[in-house]
Every structure is written in C-alpha cells, then in structure tokens.
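Me: I would like the labels used for this structure set against their cut-offs. Take them one at a time.

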Amino acid sequence: MEPDWTCPFCSLLCDGFALERAGEALVLQASDCPRARAGLAAHARSEAPAAFVDGSAAPIDEAVAEAARRLARWRQPLFGGLATDMAGARALFRLAARTGAVYDHGDGEALAQGLRALQDRGQCYTTLAEIRARADVVVCVGTQAVAHYPEFFRRCGLDRPDTPCQHLVFLGVEPPARLPDTVPVQCIAGSGDLLADLQQLAALLAGAPLRGAPAEIAGLAATLRQARYAVLVWEAATLPAHGALVVELLHRMATSLNRATRAATFALGGSDGAYAVQQVFTWLSGLPLRTRAAAGGLQHDPVRFAAQRLLDEDAVDGLLWVWSYAPDRLPPSTKLPRIVLGPPGMGPLLRQADAAQRCVFLPVATPGLNAAGHLFRTDGVVVPLVAARDDALPGVAQVVARLLERMEPAA
Ligand code: SF4
C-alpha cells in the first residue's frame with residue numbers, strides 16, 4: 001500500500017506509514033512501534049461481525065431496535081468509554097442530550113488532571129513541530145515518554161543529526177532502554193516524591209534562594225534558565241496522586257521561564273479518542289466531559305460525574321459503552337444493563353467474560369483501520385484518518401444515528 005496511512009493507536013497519530021497485507025493481517029512498514037503492531041494484530045480480520053441481544057445472535061436492525069427500546073427506558077444513563085472519532089462524538093452528544101445521560105471517557109481520570117490545571121491556571125503549550133524546530137532542552141517529568149508513545153522521540157526529531165536538542169533529561173523516572181544516540185541524556189532520580197521535587201524546582205525558577213536545594217535540582221534549574229527553548233513533557237496516565245498539582249507546577253515553571261527565555265509544557269495523553277471527544281463535547285455544549293445533559297440544563301461536576309464513581313454509587317441505571325479501538329477494552333464490571341458498541345472482536349470477549357447477559361452488542365468500525373475519520377493529536381492538531389481496509393462496518397456515528405431514529409421523540 002502507498003505510505004499514506006495514519007496510525008490511530010495512540011494520540012501521536014504518526015502519519016506517512018505503509019501497510020503490507022499478509023493474509024488477513026496488516027503489517028506495519030518502516031516502524032517497529034510495538035503499540036501500533038499490537039493494535040493491528042488485535043484487529044486482524046477473523047469471524048464475521050455479529051450483533052447480539054443478551055448473548056443471542058440478532059440481525060443488526062433488531063439489535064439496534066432493542067438497544068433503542070432499552071435506552072429509552074433508562075432514567076439515568078451513563079455514557080462511558082467514548083473511544084470514538086469526531087463524527088462519533090458529535091452523534092453521541094446528540095444522543096446524550098436526547099436521553100439526559102452523564103458522560104465520561106474511559107480514561108477520564110487522567111484526562112481530568114490536565115483539564116483541572118488548565119481551568120485553574122491556563123497553560124503554556126507547544127506542538128511537535130515546535131519541539132522539532134526549536135527545543136534545546138527536553139525534560140520528561142515522571143514519564144519515559146516512549147513506554148506508551150513509542151515514536152515520541154522520533155516525532156520530536158531527536159534522532160536526527162540536525163536536532164536543536166542539547167539535553168534530554170528524565171526527572172523522577174528511569175530512562176527507557178532505547179534512546180536517541182544524537183542527544184546527551186541526563187537522569188535525575190530525585191527524592192522519590194515528584195511533587196516535592198517540582199515544588200523545589202518551581203521555587204528556584206521563581207527566584208527563591210538556592211539554600212537547601214539538592215544539587216541535581218539546582219542544576220536542572222540552571223539548565224532550564226540557560227535554555228533557549230525548554231519543553232517540560234508530562235504524561236497524564238503516569239501522574240502521581242494529586243496529578244493536577246503536578247501539572248499546575250509545570251505550567252507555573254513555564255510561565256517563570258518565559259519572563260527571560262522561552263519554555264512550554266507538552267502533554268502525552270488523549271489517546272483512544274479522548275481529546276477528540278473532549279473537544280467536540282466542549283464546543284457543542286460549552287462544558288467538558290463529566291457533565292450531565294439534564295432536562296433542566298447541563299450540569300458539570302468533574303468529581304461526582306466520574307464514571308466509576310457513578311457505577312460504585314449505583315447512581316445510574318444503564319451503561320452505554322463505546323470503545324471502537326482495542327477489542328479487549330470491555331465495559332467495567334457491573335450488574336447494570338449495557339449497550340456496547342465495539343469492534344467485532346469485542347463480541348466474543350464479552351461472551352467469554354460472561355458479560356453478554358443484559359447486554360446488547362453492536363459491532364462498529366475502528367477509525368483509521370476500517371473507517372475514515374478525524375482525531376485530535378496530542379498537541380491539538382486535527383488529523384484526518386484513512387481506512388486501511390473496508391469491512392463494510394458502520395462507524396459509531398452511523399450506529400448512534402440509527403439509535404436516535406428508533407427512539408420516540410422526546411416528550
Ligand atoms: S507512536 Fe502511536 S501513533 Fe505512532 S505508530 Fe506508535 S501507536 Fe501509532
């Protein structure tokens with residue numbers, strides 16, 4: 001195939017790849033990214049997609065009609081997972097508004113940390129292109145970066161002989177085994193308490209006296225001050241407890257540095273449609289995820305409307321779970337009735353997990369694999385996705401539109 005495939009399996013959305021067909025499988029060329037290879041292997045075509053109702057196979061029209069009937073009966077639905085693309089998010093918002101649902105992404109906890117810091121203090125943010133062109137100091141804070149985003153250093157151009165980067169620093173974390181050999185690497189183990197180390201670093205950058213600061217933290221402060229363009233990289237999924245405080249400190253450090261030089265933060269997160277859904281729901285309603293589309297108006301509560309909390313507190317009476325990426329990302333364990341939109345491979349896994357009862361399963365396509373679509377990259381750029389193959393499957397947007405058609409108009 002032409003090298004025009006954009007990988008949808010993490011929010012770096014690497015583009016320009018070619019895929020080779022090997023029987024039913026698609027094999028990635030020119031990259032050994034383990035996350036992409038695992039993603040492709042998980043979606044290798046096997047059995048025909050099959051909808052079911054309570055474990056019994058059903059024609060798709062009947063399954064959609066039954067799902068619509070059940071959804072209309074729920075007094076307080078929860079929409080969880082929400083791993084879809086922008087078109088799917090638009091359709092899900094309409095359905096949430098129609099049913100009065102509360103909605104949260106499957107990785108909503110990590111998403112909420114960065115959002116909270118942004119709401120409280122704003123942010124100094126950068127893009128992959130800026131890092132590639134300008135960053136001379138890159139500090140990975142509490143993250144190896146490439147453990148979950150394997151192509152990150154390559155996307156930042158750190159493997160190129162002409163990279164402007166002079167220092168790659170890992171703070172509070174062991175460096176990964178594979179590192180670019182073009183850039184000097186420094187590891188600062190820190191005290192074991194990342195928040196405390198960052199508080200000290202932020203104080204130094206704000207002009208506090210050096211007295212009592214560990215030499216390695218003081219040295220990092222000096223490196224950051226001398227940098228022409230420093231970038232502080234953090235990863236939502238690896239933040240310690242009180243992650244929002246960590247993110248706030250990073251933004252504060254970037255602000256301090258920007259008084260004399262240039263600096264920014266860069267977040268790794270938002271995979272599986274998380275950023276796409278967050279953006280789409282926010283621009284359609286004015287409020288982010290963890291909101292309830294109540295009849296009397298929208299209610300946003302980032303703590304109370306966390307999906308797992310609602311399930312734990314029996315505060316909802318039905319779960320619509322949408323996960324169009326990894327087939328094994330099943331809905332959380334619950335006794336509640338469920339409607340599940342997932343790739344065809346998810347159906348058999350639901351049965352194996354004994355989770356097929358009180359469940360309607362509707363197979364959907366995966367954006368970037370067997371459907372076109374659009375996603376937000378981790379640095380906020382909208383990226384179009386092409387289908388690598390055609391499995392004649394509807395996307396989340398089409399299935400949700402059919403659910404809406406089947407439901408009675410709101411009273
Ligand atoms: S880093 Fe992410 S987007 Fe890039 S190839 Fe790997 S899984 Fe795909």
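Reply: Ala-83 stands opposite Trp-323 in β14. The model is predicted: local features need pLDDT of at least 70, side-chain atom pairs count only at pLDDT 80 or more, and totals for chains, interfaces and linings use all residues. Residues are numbered from 1 along each chain as its sequence is written.

Me: What makes β5 and β14 a pair?

Reply: Two strands pair if DSSP finds at least two bridges between them. Strand β5 (residues 77–83) and strand β14 (residues 318–323) are joined by 5 bridges and run parallel, so they meet the definition of a pair. Helices (H or I, at least four residues) and strands (E, at least two) are DSSP runs, numbered from the N terminus.

Me: How many bridges join β5 to β6?

Reply: 2 bridges join β5 to strand β6 (residues 102–103), and the two run parallel. The definition asks for at least two bridges, so this counts as a pair. The bridge partner of Phe-79 in β6 is Tyr-103.

Me: Why is β5 called largely enclosed?

Reply: A residue is buried if 20 or more other C-beta atoms lie within 10 Å of its own, exposed if 12 or fewer, and partly exposed in between, with C-beta atoms placed from the backbone. In β5, 7 of the 7 residues are buried, so the strand is largely enclosed by the rest of the structure. Strand β11 (residues 262–268) is also largely enclosed, because 6 of its 7 residues are buried. Strand β10 (residues 229–235) runs parallel to β11, with 7 bridges between them; one of the residues involved is Trp-234, whose bridge partner in β11 is Ala-267.

Me: Why are α4 and α9 called oblique to each other?

Reply: Axes are lines fitted to C-alpha atoms, for helices over the stretch in contact, and angles run from 0 to 180 degrees between N-to-C directions. Angles under 35 degrees count as roughly parallel, over 145 as roughly antiparallel, 65 to 115 as roughly perpendicular and the rest as oblique. The axes of α4 (residues 108–121) and α9 (residues 243–257) come within 8 Å and cross at roughly 50°; the two helices are therefore oblique.

Me: Which residues of α4 and α9 meet?

Reply: Contact requires C-beta atoms, placed from the backbone, within 7 Å. Gln-113, Gly-114, Arg-116, Ala-117, Asp-120 and Arg-121 in α4 meet Gly-243, Ala-244, Val-247, Glu-248 and His-251 in α9.

Me: How do you know that Asp-354 and Ala-392 are exposed?

Reply: The cut-off for exposed has been given above. Asp-354 has 9 C-beta neighbours inside 10 Å, so it counts as exposed. Ala-392 has 7 inside 10 Å and therefore counts as exposed. Asp-354 lies in the loop between α12 (346–352) and β16, and Ala-392 in the loop between β18 (382–385) and α13 (396–406).

Me: What is phi at Asp-354 and Ala-392?

Reply: Phi is near 60° at Asp-354 and near 55° at Ala-392. Most residues other than glycine have a negative phi.

Technical notes
Two residues are in contact if their C-beta atoms, placed from the backbone, lie within 7 Å.
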